[in-house]
Each structure stands twice: as structure tokens, then as C-alpha cells.
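I opened the model and kept notes as I went.

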Amino acid sequence: MSEDRPQYQRDPVPTNAEIAERLRTLSEQLADLGCDMEFLGGFGPMGQRGRDLLWLARIVRTCMHEIEGEAK
């Protein structure tokens with residue numbers, strides 16, 4: 001019965017180095033967007049959200065460094 005069903009290929013499991021590279025890209029994009037929002041928003045709500053994104057980018061970058069260390 002299983003032969004009648006189509007066989008799907010699973011996506012390969014990413015390596016630690018690939019995950020770290022994706023996290024690096026994410027943290028750079030978050031930091032860029034956060035800087036823009038902080039600049040445009042000043043001391044208002046948009047500026048606060050921009051600072052929040054910058055903080056989040058630092059957290060993502062820290063995770064990326066930890067995963068890079070595991071990859072070596």
C-alpha cells in the first residue's frame with residue numbers, strides 16, 4: 001500500500017554553520033531596520049520599537065556566535 005503513495009523527499013537538515021549564517025543575515029536585517037526606525041521615530045513609539053529591534057538583533061547575534069562555536 002505504501003508503494004501507491006508518492007514518496008516525498010525531506011529537506012536536508014541544516015548544519016550548524018548554515019543556521020549560523022541565516023542568523024547572521026537575520027541579525028543584520030534587524031539591526032538595519034531598527035536603526036532606520038529609531039532615526040525616524042526619535043523618542044516616539046516608533047523609535048522605541050526601533051531600539052527594541054536593535055536589542056533583538058544583539059540577542060540573535062549572540063545565539064549565532066554560540067552556534068558558530070558549536071560548529072567548529
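**Notebook: inside and surface**

I looked up Ser27 and found it buried, because its relative accessible area is 1% (buried is under 20%, exposed over 50%, partly exposed in between; 1.4 Å probe, protein chains only). The model is predicted: local features need pLDDT of at least 70, side-chain atom pairs count only at pLDDT 80 or more, and totals for chains, interfaces and linings use all residues. Residues are numbered from 1 along each chain as its sequence is written, and side-chain values use heavy atoms, with hydrogens and water left out.

Ser27 sits in helix 1 (helices are DSSP runs of H or I, at least four residues, numbered from the N terminus). I checked its side chain, which reaches the backbone oxygen of Arg24 at 2.9 Å. Setting aside residues up to four places away in sequence, Ser27 touches Ala57, Val60 and Arg61 (contact means heavy atoms within 4.5 Å).

Next I listed the largest nonpolar core, which has 10 residues, among them Ala57, Val60 and Met37 (a core is a set of buried Ala, Val, Leu, Ile, Met, Phe, Trp, Tyr and Cys residues joined through side-chain atoms within 4.5 Å). Helix 1 and helix 2 (45-71) each supply at least two residues of this core.

I then took Met37. Beyond its neighbours within four places in sequence, Met37 contacts residues including Gly42, Met46 and Leu53.

Last, the surface. Leu40 belongs to helix 1 (residues 16-41). Leu40 counts as exposed because its relative accessibility is 66%.

Technical notes:
A polar contact is a pair of N or O atoms within 3.5 Å; within protein, one must be able to donate a hydrogen and the other to accept it, and residues adjacent in sequence count only if both atoms are side-chain atoms.
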